[in-house]
Structure formats: structure tokens, C-alpha cells
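Dear colleague,

Here is the structure I said I would pass on. Please look through it first; my notes follow below.

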Amino acid sequence: MTYPAVSTAVDLIDAPLLYKGKVRELYDLGEHMLIVVTDRISAFDYVLEPAVPEKGNVLNRLSAFWFGQTKELLENHVVHIDVDRLGSIVKNPELLRNRIMVVRKAQRIDMECVVRGYITGGGWRQYQETGKVNGIELPEGLRKNAQLPEPIFTPAAKNDVGHDEDIPFSKMQELIGEELGDELKEKSLKLYAFARDICAEHGILLADCKFEFGILDGRVILIDEIFTPDASRFWAKDKYALDIEIDSMDKEPVRAYLASSSWDKNSTPDPLPEEVVAETSRRYLDIYHRITGHSLN
């Protein structure tokens with residue numbers, strides 16, 4: 001049975017709403033927290049209409065897959081993803097099946113931990129201007145999309161409003177402490193290398209990715225989402241090339257449509273065309289299948 005896209009779960013959850021982000025909603029369960037991953041989609045800092053069917057399903061299940069794959073590398077916040085265990089808290093279990101994650105409450109570290117294996121996107125723009133990325137000096141003559149000699153750690157200070165701020169690693173250490181900064185860098189690079197190798201086995205290049213960490217009982221744990229199309233840049237190996245805009249395996253159809261439209265980027269955009277929504281949904285389903293080997297049904 002096919003269910004409609006889920007734009008919000010506010011009317012479906014009998015628990016206090018703690019936070020409503022662009023895609024995720026967080027509810028208070030007392031000892032634990034409930035994350036509901038909706039089908040909302042954002043671009044250029046705007047939440048767009050309509051929601052993309054199955055997007056939240058893919059994001060949640062792909063995160064669950066990777067949390068399971070990486071749990072021997074690093075402890076994470078997942079308790080379970082079984083909507084039936086929530087009982088009467090959820091008013092329509094079938095609508096939210098595979099879209100929920102019950103997690104332990106950790107104190108978020110206000111840093112976005114970014115690892116780049118290739119020079120592209122914002123990193124490429126920095127390199128063109130300065131020859132560096134987040135203060136890291138890179139070899140001369142790199143071309144757009146080139147694989148870096150070694151993956152680099154390029155953190156950003158988190159801002160709940162507006163864009164996160166790219167900062168040098170030394171600044172990160174000043175803000176959260178040298179020892180904790182070193183630990184997050186080491187863990188981020190190990191996680192990236194682990195997922196990069198798995199993706200490569202499936203014909204996918206993991207260009208870059210971001211992590212969030214928290215503190216629980218004095219330990220650093222992995223939180224939020226990992227290695228999803230919203231937190232990583234995936235390239236199909238057979239589409240990889242230098243000096244071009246690679247069509248990444250995520251919400252690129254939405255970005256491309258908006259960039260080519262007459263939208264001024266300063267007002268709420270018109271609803272997305274049906275074909276753009278359908279192609280975006282297909283891409284999310286495709287990356288899930290390619291990485292896990294399974295379909296959603």
C-alpha cells in the first residue's frame with residue numbers, strides 16, 4: 001500500500017514537540033527522544049512544496065543502516081526504529097512506519113564535522129580564491145572534482161539560524177577544547193574512510209559528508225543522521241568527471257530546477273513541478289537500493 005507524503009507529524013504524535021527543523025521533528029519521550037523524518041525538502045534555505053514521497057523513509061532507513069554498520073567503530077544514539085513499540089503515542093503507525101527513530105538524549109556538540117575526499121562545492125570555491133580549504137593548504141593545480149591526496153577535515157560552527165560557518169580546525173579546538181577537537185577529527189576521518197570503501201563497492205563515490213556528535217555520560221557518540229543524501233555528496237562512479245558540475249545522487253533535480261527558474265531566492269518559491277518531485281523521489285529510492293541492496297517494500 002502506498003501512503004501519501006508526510007509533511008509533518010505534529011498531529012500524529014501524542015508527545016511534546018521539542019524542535020521542528022527543515023526535515024526532522026523531535027519529540028520528548030521522557031528518558032528518550034523521538035525523531036520523525038518527514039518528506040519535507042529544502043533548498044537555498046527554503047522549505048519547498050510539495051513534500052517528496054518516500055524521502056523521509058529513505059533518510060531514516062539509510063541512517064539506521066549506517067548506524068548499524070558503524071556501531072563497532074563508534075557508539076551512536078539509536079535505541080530502536082520500531083513504530084509499534086511506541087503504542088498509543090503514535091496515532092497512525094502505518095503512516096509513520098520506517099520514518100521514526102527513538103534515540104538517547106545526548107548533549108549536542110555545536111560543530112558540524114565535515115570530511116572532504118574530493119575538491120568540489122564550497123571547498124572548490126574556497127580553493128579557487130585562496131588555495132586553501134578551511135585554512136588547509138592544498139597542492140597547486142587541483143582541478144574541480146579532483147580526488148584529494150588524503151581526505152581532509154573541515155569543520156563548521158553550527159548555527160540554528162542561517163548557514164553554518166566554515167572554520168579552521170584550530171578555531172574548532174579553541175571553541176570546544178583541543179582534546180575533544182582531536183577526538184572528533186579522528187572519528188570523522190575513520191567514519192568517512194569506512195563508508196567510502198563500502199560505497200565504492202557499489203559504484204558510488206563518497207565525495208564528502210558531515211557528522212554530528214553528542215556527549216552522553218561523558219562519552220562522545222554519533223547522533224543525527226549519517227551517510228544519507230541530505231548529509232553526504234554521492235556521485236555515481238560512471239558519471240564522475242573533472243571540471244564539470246557532477247549530477248549528484250540527491251535532490252539535485254530540485255536545485256537545478258530552482259537555479260534555472262525565475263525565482264529570486266528571496267521569497268517563497270512556487271510549488272515544484274510534478275516531474276521534479278517524481279525524479280527527486282526516484283533518486284532517493286535509487287541511492288537506498290544501491291547502497292543497501294534492498295528496496296523499501
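Leucine 17 stands opposite tyrosine 27, a residue of strand 2. The model is a predicted one, in which local features need pLDDT of at least 70 and side-chain atom pairs count only at pLDDT 80 or more, while totals for chains, interfaces and linings use all residues. Residues are numbered from 1 along each chain as its sequence is written, and side-chain values use heavy atoms, with hydrogens and water left out.

Strand 1 (residues 17-20) pairs with strand 2 (residues 24-28) in the antiparallel sense, over 3 bridges; two strands pair if DSSP finds at least two bridges between them. The two form a hairpin, with 3 residues between strand 1 and strand 2. Helices (H or I, at least four residues) and strands (E, at least two) are DSSP runs, numbered from the N terminus.

Next, helix 4 (residues 169-176). Its buried residues are Phe169, Met172 and Gln173, where buried means under 20% relative accessible area with a 1.4 Å probe, protein chains only. Seen down the axis of helix 4, these buried residues fall within an arc of 100 degrees, so they line one face of the helix; the arc is that of the directions from the helix axis to the C-beta atoms. They pack against strand 9 (111-118), strand 12 (147-153) and helix 5. Just after helix 4, glycine 177 has a positive phi of about 110 degrees.

Helix 5 (residues 178-201) contains serine 188. Serine 188 counts as buried because its relative accessibility is 0%. Not counting residues up to four places away in sequence, serine 188 touches Cys113, Val115, Phe153, Phe211 and Phe213; contact means heavy atoms within 4.5 Å.

Regards

Notes:
Buried means under 20% relative accessible area, exposed over 50%, partly exposed in between (1.4 Å probe, protein chains only).
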